[in-house]
Amino acid sequence: MEAGVYIQASCGGEGVCGKCKVLIEKGEVESFRGPKISAEEFGQGLRQACQTRILSDLEVRIPVESELDKRFIARTRERVVAGRKVSHQELESLVLGWCFSPALRKQYVEMEPPTLKDNRSDLSRLLLALKKLYGLEGISVDSRLLKNLPFILREAEWRVTATMVQTRMESQLGEYQLRGSRRTKLIQLEAGDTTKEHYSIVLDIGTTSVWGQLLDLNSRQTLAEASDYNPQIRYGDDVISRIVYSQKPGGLKKLQESVVGTINGIVRELAAKSKIDLARVSHMTAAGNTIMTHLLLGLDPKYIRESPYTPVANFIPPVRAEEVGLEVGEHVHLYTFPSVASYVGGDIVSGILGSGIYQRKPLTLYIDIGTNGEIVIGNSEWMVTAACSAGPAFEGGGIKHGMRATLGAVEDFRLNPVTFEPMLLTIGMVKPKGICGSGLINMVAEFLEAGVISPKGKFNVDLPTPRIRQGSDGMEYVLAYGEDAAIGADIVVTEVDIENLIRAKAAMYAGYVTLLQSVGLAIGNLEQVVIAGAFGSFIDVERAIAIGLLPELPLDRFLFIGNGSLLGARLISFCNEMLDDGERICRMMTNVELSESPSFMDNYVAAMFLPHTNLEEFPGVRARLAERKEIFTTETQRAQR
Ligand code: FES
């Protein structure tokens with residue numbers, strides 16, 4: 001870690017995931033065999049990095065399956081699946097009635113120098129000029145500006161550019177006013193006319209990755225985009241392991257510094273890509289789940305994990321970006337999206353804002369599928385929301401050969417229904433290294449439809465293929481034999497993997513149904529399904545329906561919006577009025593704690609089948625399975641003859 005080498009560490013060093021295996025080639029380590037290392041691997045020099053104490057200088061080889069490759073983190077979907085994906089501009093038009101009116105404005109001012117007859121103060125002179133030229137009144141001033149004010153004005157020969165922000169008043173108690181009471185605040189002064197260079201940065205702080213966009217506040221264009229892994233993944237894959245780590249001595253500081261370091265790298269990359277001077281960036285907006293927001297700002301998330309699950313704050317006033325450690329001008333403030341509850345964060349609020357659901361009548365299901373799946377159901381009149389802990393299977397966690405969606409991950413899969421031989425498609429078109437979440441969904445859907453597995457996820461051992469065999473973890477299917485795999489060993493999918501996927505999809509599906517039931521509705525009432533998030537954009541809708549992850553609805557009701565957090569953050573940067581909408585969304589949402597809901601468990605158990613115990617909810621899948629079964633039986637019999 002200290003050398004900046006990324007390796008997989010799904011469990012955050014608890015020793016239970018076995019993803020952090022490394023090969024000690026030279027040097028001495030404590031002779032301890034971690035729980036996930038076989039005797040044979042131990043003999044070869046393999047160790048679980050997180051369980052190994054270093055006793056001397058070492059030479060360590062990182063096996064290909066333990067590497068974390070960031071080359072494919074920023075890939076965007078080119079393949080079109082069922083449903084539709086909309087363009088950048090179409091996306092922005094999902095929100096009704098927004099206009100281009102950024103909170104930040106720059107004005108160029110020329111003033112007469114002071115004389116003995118007119119020796120008003122420098123600040124009065126500047127404010128008077130702003131009033132005369134632009135009709136701006138009642139401007140407050142950032143006190144930090146005063147120190148350098150006289151020097152900037154004189155060096156610039158009284159020709160300067162003033163940057164002002166529309167900000168909310170602070171109440172006498174020092175609390176942040178959420179509604180109304182805006183005023184203009186002067187936050188920066190630059191020599192000469194810099195009005196043509198006016199930028200802001202928006203960020204999506206995801207649990208797995210961090211994304212940034214640089215926006216031109218004059219032309220309304222997105223100038224550059226950059227992304228990286230959230231370096232906190234080395235302390236655990238999910239938000240709970242991050243909270244646990246934050247409670248260790250110095251843990252919170254490490255988590256905060258690591259994500260800030262990555263954001264600074266992204267900011268530099270954005271500036272380099274768009275060839276702009278970072279000094280011209282005036283504002284930053286970040287959307288993240290509640291825990292990511294806490295960690296970014298250095299707030300202790302301790303009580304989020306303990307019943308009754310309270311965050312430090314849902315509405316957090318803007319903070320000075322440099323105080324958080326961000327390497328931008330001292331005048332830059334960072335606005336973080338408000339959250340609804342401990343596990344329903346600003347990323348969802350931002351996505352709801354960006355997708356315009358809160359403005360429209362159709363009953364919509366909004367989902368961000370992931371380890372911490374977030375669900376919203378509602379329309380312009382009401383919204384209910386819940387977070388459901390689906391587990392890490394969608395990110396390849398808890399899967400024997402699971403991995404993130406990066407180089408070498410099997411992401412698509414077809415099965416010859418007669419020979420049961422696989423056809424694999426990997427990210428980067430290289431030899432397979434493991435299986436990512438979307439690949440596993442496709443695989444299980446194919447297995448089910450070809451009768452390779454039962455609705456319970458058990459392999460049909462009577463099929464005439466050597467690929468189904470008994471493995472060390474039970475029955476398994478060999479996706480790639482060692483000679484065809486990048487890891488030099490067989491890549492398999494096991495019944496335990498399939499069971500983990502069934503659990504994850506059951507949690508999501510039970511989440512939708514429970515939320516709908518809480519308002520007296522059912523799946524059939526849904527008029528639209530909006531899928532957000534990086535993982536969501538790579539889902540094949542038909543196959544996700546086939547396994548019961550998504551509800552069976554006409555395909556044209558599905559809409560992919562990609563990164564909902566960035567979309568909402570961009571809109572807020574471009575339109576100051578949208579800030580009120582973001583906060584209105586938070587107040588509109590009623591959070592349902594699924595763990596407290598008595599019907600959630602029943603719905604979960606009912607969904608622990610492929611696609612579901614109640615096939616009435618999946619009539620199309622049922623018909624297809626029945627039809628395929630007939631064809632396969634006939635074809636297999638013919639092939640055997
Ligand atoms: S076993 Fe080492 S990080 Fe999980």
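Where is Glu157 found? In this predicted model, Glu157 is found in the loop between helix 4 (143-155) and strand 7 (159-168). Its backbone carries a positive phi of about 50°. Glu157 is not a glycine. The relative accessible area of Glu157 is 55%. The cut-off for an exposed residue is over 50%, so Glu157 is exposed.

A positive phi also occurs at Arg220, where the angle is near 65°. Arg220, too, is a residue other than glycine. The loop that holds Arg220 runs between strand 10 (209-216) and strand 11 (221-229). Relative accessibility at Arg220 is 33%. That value falls between the limits of 20% and 50%, so Arg220 counts as partly exposed.

Cis peptide bonds form the next topic. One joins Ser307 and Pro308, with omega at about 5°. Pro308 sits in the loop between helix 7 (290-297) and strand 13 (319-320). Another cis peptide bond joins Leu610 and Pro611. Here omega is about -5°. Pro611 lies in the loop between helix 15 (598-606) and helix 16 (619-640).

The flanking elements can be set side by side. For Pro611, a helix stands on either side of the loop. For Arg220, a strand stands on either side. The loop of Pro308 leads from a helix to a strand.

Technical notes
Residues are numbered from 1 along each chain as its sequence is written. This is a predicted model: local features need pLDDT of at least 70, side-chain atom pairs count only at pLDDT 80 or more; totals for chains, interfaces and linings use all residues. Side-chain values use heavy atoms; hydrogens and water are left out. Helices (H or I, at least four residues) and strands (E, at least two) are DSSP runs, numbered from the N terminus. Buried means under 20% relative accessible area, exposed over 50%, partly exposed in between (1.4 Å probe, protein chains only).
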